[in-house]
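User: I would like to learn how to read a few features of a protein model. Please give the general idea of each, then the case at hand.

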Amino acid sequence: MASQSSPSSPSSSSSSSSSSLSSSSSSSSPPLIPGLPNDVASLILSLIPFSHHARLKPTCKSWRLFLSSKALFSSRQTHRSLSHLICIFPEDPAVTGPYLFDPRHLAWCPLPPMPCNPYVYGLCNFTSVAIGPHLYVLGGSLFDARSFPIDRPTPSSAVFRFDFTTAAWEYRAPMLTPRGSFACAKVPDSDQIIVAGGGSRHTMFSAAGSRMSSVERYDVCRDEWVAMEGLPSFRAGCVGFFAGDEEEREFWVMGGYGQARTISEVVPVDEYYRNAVVMELTSRNGGGRWRETGDMWEGGERMRLGKIVVVDNEVDPAQPGVFMLDGNDIFRYDLASNRWSLESRIPRKPPCNSSFAFVVLEGELYVITFWKIVERLHKRAGRLYIQIYHPQQRTWRSLLTKSPFRYGLDFNAAVMSTIHL
Amino acid sequence: MSRVFKLKSSDNETFEVEEAAALLSETIKSSSSTEITVPNVKAEILGKVVEWCNKHAESEDTKDQLIKEWDAEFVSVDQHVLFKLITAADYLQIKELVDQLTQRVGDMIKAKTLKTVEMTYPTFNVEREVQEELKSLGF
């Protein structure tokens, strides 16, 4: 790369060139890239992947302002140059902030931890969903030092949002009913979030905890929660997703546990649901009624649903790809027949029996696990082995990356989500 | 019977372009006359733009590997030639050419570490900006 000085200045004042992008007057502000009109320069900078932004921001003030602006996100959205990132919450977000991972460039970006409320600790079983350049953290189960007895977890209704333009956490309106382990989904083509069911179970205790059936909807612009018709029965630990297009949209809530029974009146055991409930969203405001599907599997085939992810189907929105990771197998759900069928097997199971994280990114299924855990104090916890499945081509590929986490993390408890920046 | 457009560069050199190639440019499309003067663009650069237009006009139906390879070679030029090409393509509003050139600049930026970014764009003068900021904070 020749390190010549930039071309002579008279040629750069051709910002009189008409362009469909709005051009800022290059006379008042310094040029983003000397030698090019500002609208072309902003187009160039908005095409650069997100993982390079941190390195480029210190170049100069105008770059830093541009790369942290709201206009950048909408420009990237228009030009379809958004970076698709996985967001991992290793533990209580007030202790360790989430990590962004870019699989294309194998780049990690730690985010600041959430604001810390000194009375509560051990937040887990929350959900995380991204809308535009904002990452939402909703609810969860935590311990409150002000409560009595101290060792009973309580559900949280707090909602936080991380704004990537200001790189800071914000408080948003809390949910109407506090909950953890609930079904959560972003309403397609709309800045709204629906949450359903939930309970107060904490990862520290694998039993106990309440269950609830209420359903709420959050409007991002108005920052308010509205109650909707509740589920037919109490359900916690369930998964929610949307199917269908604008005319016929359905919100599915699948699986979870409801009643509990005790074995010999001592050991509590969950009664897992084998079905799903579906709400038809017909009108703009509301929900409709809930209908229940039949059992998805016969008794004995499995006890409960594994981790579920949903791939949006652009061609046919009524048939999203619903996949479940159960042990070492991936199953696909057929909405019409209400049945699970074996899709594929995970090619390699790492030597140590660590848990899998299951997340969907750019239409592919990512199965993440630790390759080798090195139990040494203050040392990084080995590497992450990522196996990626393409549902259409039915092929697997894999990636290996260094793990940025200080200690090994339990993927069963870690919260995963994806964000496009 | 296709019209022939005449493009005039800033140093008074004229290029004759067939209609199919010329209409790749939105500016020429919306212009009333067949003689267009392109200000601030020298003959050498305008010649390259015309070459790109001709190449893309003749192979409109076959967007295959050969064209991609030709395009990749076309944009791998020196930085200041690249910038002049962008300015010209931006004036003439040839969307695909602008896209290819901006993608190339983006790739060049990505391939650099912070130090070499400073070296290539020396007019940024990071040191001075830091001094100004410190002054504004009262040091």
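Analyst: Start with cavities: on a 1 Å grid over the protein atoms alone, a cavity is a set of points where a 1.4 Å probe fits but cannot get out, and lining residues have an atom within 4 Å of a point. Grid points are joined across faces, edges and corners, and a volume is the space filled by probe spheres set on the points. In this predicted model, local features need pLDDT of at least 70, side-chain atom pairs count only at pLDDT 80 or more, and totals for chains, interfaces and linings use all residues. Residues are numbered from 1 along each chain as its sequence is written, chains are lettered from A and ligands numbered from 1 in the order in which they are written, and side-chain values use heavy atoms, with hydrogens and water left out.

User: How many cavities of 30 Å³ or more does the structure hold, and how much space lies in the largest cavity?

Analyst: Rolling a probe the size of a water molecule over the atoms shows where empty space is left. Here there are 2 cavities of 30 Å³ or more, and the largest cavity has about 40 Å³ of space.

User: Which residues line the largest cavity, and which element supplies the largest share of the lining?

Analyst: Helices (H or I, at least four residues) and strands (E, at least two) are DSSP runs, numbered from the N terminus. The lining is made up of B:Leu7, B:Val17, B:Ala21, B:Ala22, B:Ser25, B:Ile28, B:Val49, B:Val50, B:Cys53, B:Leu92 and B:Ile94. At least two lining residues come from each of α1 (19-22) and α3 (43-58) of chain B, and α3(B) has the largest share, with 3 residues. For the classes, Ala, Val, Leu, Ile, Met, Phe, Trp, Tyr, Cys and Pro count as nonpolar, Asp, Glu, Lys and Arg as charged, and the others, Gly among them, as polar. On that basis the lining of the largest cavity has 10 nonpolar residues, 1 polar residue and no charged residues.

User: What is the order of elements in chain B, and where is confidence lowest and highest in that chain?

Analyst: Chain B has 8 helices and 3 strands, in the order β-β-α-α-β-α-α-α-α-α-α from the N terminus on. Confidence is given as pLDDT, the predictor's score for each residue, from 0 to 100. Where pLDDT is low, the predicted coordinates should not be read in detail. The average for chain B is 79, and 77% of the residues score at least 70. Helix α7 (residues 114-120) of chain B is lowest, at a mean of 52, while helix α5 (residues 79-92) of chain B is highest, at 89. For the model, ipTM is 0.70 and pTM is 0.82.

User: Moving to chain A, how many bridges join β6 to β7, and how many pair β7 with β8?

Analyst: Two strands pair if DSSP finds at least two bridges between them. Strands β6 (residues 134-144) and β7 (residues 154-163) of chain A run antiparallel, joined by 8 bridges; A:Ser141 has A:Pro155 in β7(A) as its bridge partner. Between β7(A) and strand β8 (residues 168-172) of chain A there are 5 bridges, again antiparallel, and A:Asp163 is partnered by A:Ala168 in β8(A). The hairpin of β7(A) and β8(A) has 4 residues between the strands, and A:Ala167 there takes a positive phi near 55°.

User: Salt bridges next. How many are there over all chains?

Analyst: A salt bridge is a side-chain nitrogen of Lys or Arg within 4 Å of a carboxyl oxygen of Asp or Glu. The count over all chains is 21. One of them joins A:Arg179 to A:Glu216, at 2.7 Å from N to O. That pair links distant parts of the chain, 37 residues apart: A:Arg179 is in the loop between β8 and β9 (183-186) of chain A, and A:Glu216 in strand β11 (residues 215-219) of chain A.

User: Are A:Arg179 and A:Glu216 buried or exposed?

Analyst: Buried means under 20% relative accessible area, exposed over 50%, and partly exposed in between (1.4 Å probe, protein chains only). Both A:Arg179 and A:Glu216 are buried.

User: Why does A:Arg249 count as buried and A:Asp189 as exposed?

Analyst: A:Arg249 counts as buried because its relative accessibility is 10%, and A:Asp189 counts as exposed because its relative accessibility is 61%. Their side chains meet in a salt bridge, 3.1 Å from N to O. A:Arg249 lies in strand β14 (residues 249-254) of chain A and A:Asp189 in the loop between β9 and β10 (192-196) of chain A, so the pair ties together parts 60 residues apart in sequence.

Conventions. 1 Å grid on protein atoms, 1.4 Å probe; cavity = no way out; pocket = protein on both sides within 12 Å on 5 of 7 lines; lining within 4 Å.
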